[in-house]
Amino acid sequence: MIVPPSEEAISEAVKLLQEGSVIGLPTETVYGLAASIYSDDGLKKIYSLKKRPKSNPLIVHTHSVDGVLSVGEPRSSKFFLSLSEFWPGALTLVIPAKSNLSPLITAGHESVAVRIPAHPVALTLLDELGSPVAAPSANKSTAVSPTEAIHVIEELGENIFVIDGGPCSVGLESTIISLLEETPKILRHGGIPAEEIAEKLSIPLKSLLSEGKGKAPGQEKLHYAPKTPLSILPKDFSPSGNIGILTFTMSPPKGVKSKRIDNPKHFYVTLREFDKLGLDRIYIEEPKDSGLGRALRERIHKASH
Ligand code: TXA
Ligand code: MG
């Protein structure tokens, strides 16, 4: 059920969360499937609805730095304080978890991933609830992330109470940074480009990008993938047959179904659109390795099959 973001809808969502239900939560990155961090029933529903492996921990969302400090304890206040300037925003920090946090959130790790989202509806809801929620992207495990309320219903069914916050303004998941080591490491590229983060921290980009000990547990295998097989568009490709072509910089070729993605925020919605065309394969131009191009590349590589 999709409801407009009225005061009544937010109160209803708060009630559902308190009762141990899940809701579709608009954020600026992608829509989340949210449950109260204090409801193991709600948290279990997230795993079962998404068909998510129990080994893949959940991101916590809260409306204030105090909320962040209620679930985790950053070791280095220097990096934490600089990075918290990106909040509210598309940045998730992995910090040591408070020991009383549900293992359904941490998946048994000693760390927690947490962010303050920049969507007014999410912030109002979190404020009214008065405590954090856990919210992975509201798609089936390995599938394309939802950037509009209707996508949540398409992924998870009519029964989910989804607050319509409009199309996501960033349209790519948050950047995840681990603060578990001496220097910050990027675990997942996302809505805030690595270059901006390196600049804020006054550390070399190379250090931020270099592989740390930890990886985001859910980032290894097939991910973000449409049902239609997806491949990187080869150089000098002559398109023919029942295929689709998506580009970022090149003009889309004639003769086959094709489209240029003019803005990273339209990446997922365009994949979703092309996935409905009954194509044999979708080919996609590989974006450049800088700025939001890094987040797009990472997703395309994991979605290719
Ligand atoms: O933008 C976002 O981050 C969206 C919106 C809804 O906020 N959420 C999102 O959640 O992308 P999800 O579950 O689709 O991706 C979260 C990623 C997963 O790959 C998970 O493995 C990783 O974060 N993660 C969660 N807790 C972690 C932890 N303690 N250490 C390392 N990675 C963690
Ligand atoms: Mg996801």
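Visitor: With which residue does E195 form a salt bridge?

Guide: This is a predicted model, in which local features need pLDDT of at least 70 and side-chain atom pairs count only at pLDDT 80 or more, while totals for chains, interfaces and linings use all residues. Residues are numbered from 1 along each chain as its sequence is written, chains are lettered from A and ligands numbered from 1 in the order in which they are written, and side-chain values use heavy atoms, with hydrogens and water left out. A salt bridge requires a side-chain nitrogen of Lys or Arg within 4 Å of a carboxyl oxygen of Asp or Glu. With its closest N and O atoms 3.0 Å apart, the partner of E195 is R294.

Visitor: How many salt bridges are there between domain 1 and domain 2?

Guide: The domain assignment, automatic or from a database, gives domain 1 as 2-209 and domain 2 as 230-303. By the salt-bridge rule, the total comes to 13. Between domain 1 and domain 2 the count is 5 salt bridges.

Visitor: Which helix gives the most residues to the side of domain 1 that touches domain 2?

Guide: Helices here are DSSP runs of H or I with at least four residues, strands are runs of E with at least two, and both are numbered from the N terminus. On the side of domain 1 that touches domain 2, at least two residues each come from α7 (149-156), α8 (194-201) and α9 (205-209). The greatest contribution, 3 residues, is that of α7.

Visitor: What area is buried between domain 1 and domain 2?

Guide: Buried area is the accessible area (1.4 Å probe) that two parts lose on being put together, summed over both. Of the area that domain 1 buries against domain 2, 36% is supplied by V144, L172 and H189, more than by any other three residues. Carbon and sulfur atoms give 54% of the total between the domains, which is about 1600 Å².

Visitor: Which residue has a polar side-chain atom 2.5 Å from an oxygen atom of ligand 1?

Guide: Ligand 1 is surrounded by 26 residues (a heavy atom within 4 Å), and the closest are T29, N56, H61, S137 and S174. A polar contact is a pair of N or O atoms within 3.5 Å; within protein, one must be able to donate a hydrogen and the other to accept it, and residues adjacent in sequence count only if both atoms are side-chain atoms. For H61 the distance to a ligand oxygen is 2.6 Å, and for S137 it is 2.8 Å. The value of 2.5 Å belongs to S174.

Visitor: How many residues apart are E85 and K200?

Guide: The side chains of E85 and K200 meet in a salt bridge, at 2.9 Å from N to O. E85 is in the loop between α4 (77-83) and β5 (91-96), whereas K200 is in helix α8, and this pair linking distant parts of the chain is separated by 115 residues.

Visitor: What is the C-alpha to C-alpha distance between S82 and K200?

Guide: S82 lies in helix α4, and its side chain reaches the backbone oxygen of K78 at 3.2 Å. Leaving aside neighbours within four places in sequence, S82 is in contact (heavy atoms within 4.5 Å) with K200 and L201. S82 and K200 are 118 residues apart in sequence, yet their C-alpha atoms are separated by 6.8 Å.
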